[in-house]
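Below is a short briefing on one protein chain. Please look over the sequence and the model before reading the points.

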Amino acid sequence: MNTQEIVVKKVKAWLEAEGKAYQWLADELGLSKSMVGHLLSGTRVLQPLYVERIAKLMGTQVVDLLREESGEKGLLTVRLRGTISSRRSKRELDSLLYAIEDYVGLNDQVN
């Protein structure tokens, strides 16, 4: 399970336990409900900024949000789909790599 999947799983469980809806989370994050749906379905990358803000909303530490429940520390994995066929694709990949570097940097800071 990659780090985003871990975070999404915990956020969904917390929302359900607290009886809070995607709309509530969207309002708190300043995002649309559909964007929250994309983030929690894994179709959009959960940016480190939102991981921090969600951890604060949940009243937990980022490190606890990123850690697997089993206590086993796995390797960070990232799966990429698609091909680079245009300048736009290259820019999107560069943006994704930048977000990954931020995420890894954040992860290193909390560990």
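Angles under 35 degrees count as roughly parallel, those over 145 as roughly antiparallel, those from 65 to 115 as roughly perpendicular, and the rest as oblique. The model is predicted: local features need pLDDT of at least 70 and side-chain atom pairs count only at pLDDT 80 or more, while totals for chains, interfaces and linings use all residues. Residues are numbered from 1 along each chain as its sequence is written, and side-chain values use heavy atoms, with hydrogens and water left out.

**Helix 2 and helix 3**
- The axes of helix 2 (residues 22-29) and helix 3 (residues 33-41) cross at roughly 105 degrees and come within 8 Å; axes are lines fitted to C-alpha atoms, for helices over the stretch in contact, and angles run from 0 to 180 degrees between N-to-C directions.
- The two helices, helix 2 and helix 3, are therefore roughly perpendicular to each other.
- Helix 2 contributes Tyr22, Gln23, Leu25 and Ala26 to the contact, and helix 3 contributes Lys33, Val36, Gly37 and Leu40; contact means heavy atoms within 4.5 Å.
- By class, the residues of this contact are five nonpolar, two polar and one charged, where Ala, Val, Leu, Ile, Met, Phe, Trp, Tyr, Cys and Pro count as nonpolar, Asp, Glu, Lys and Arg as charged, and the others, Gly among them, as polar.

**Whole chain**
- The protein chain has six helices and zero strands; helices (H or I, at least four residues) and strands (E, at least two) are DSSP runs, numbered from the N terminus.
- Of its 111 residues, 29% are buried, meaning under 20% relative accessible area, with exposed over 50% and partly exposed in between (1.4 Å probe, protein chains only).
- Among contacts in the protein chain between residues at least 6 apart in sequence, 59% join residues at least 24 apart.

**Helix 6**
- Helix 6 (residues 87-110) has 24 residues and should span 34 Å at 1.5 Å a residue, which agrees with the 35 Å between its end C-alpha atoms; the expected span is 1.5 Å times one less than the number of residues.
- Ala99, Tyr103, Leu106 and Asn107 of helix 6 are buried.
- The cover over the buried residues of helix 6 includes helix 1 (3-18), helix 4 (48-58) and helix 5 (62-66).

**Val7**
- Val7 lies in helix 1 and is buried, with a relative accessible area of 0%.
- Not counting residues up to four places away in sequence, Val7 touches Leu46, Leu65, Leu66 and Tyr103.
- Val7 and Leu46 are 39 residues apart in sequence, and their C-alpha atoms are 8.8 Å apart in space.
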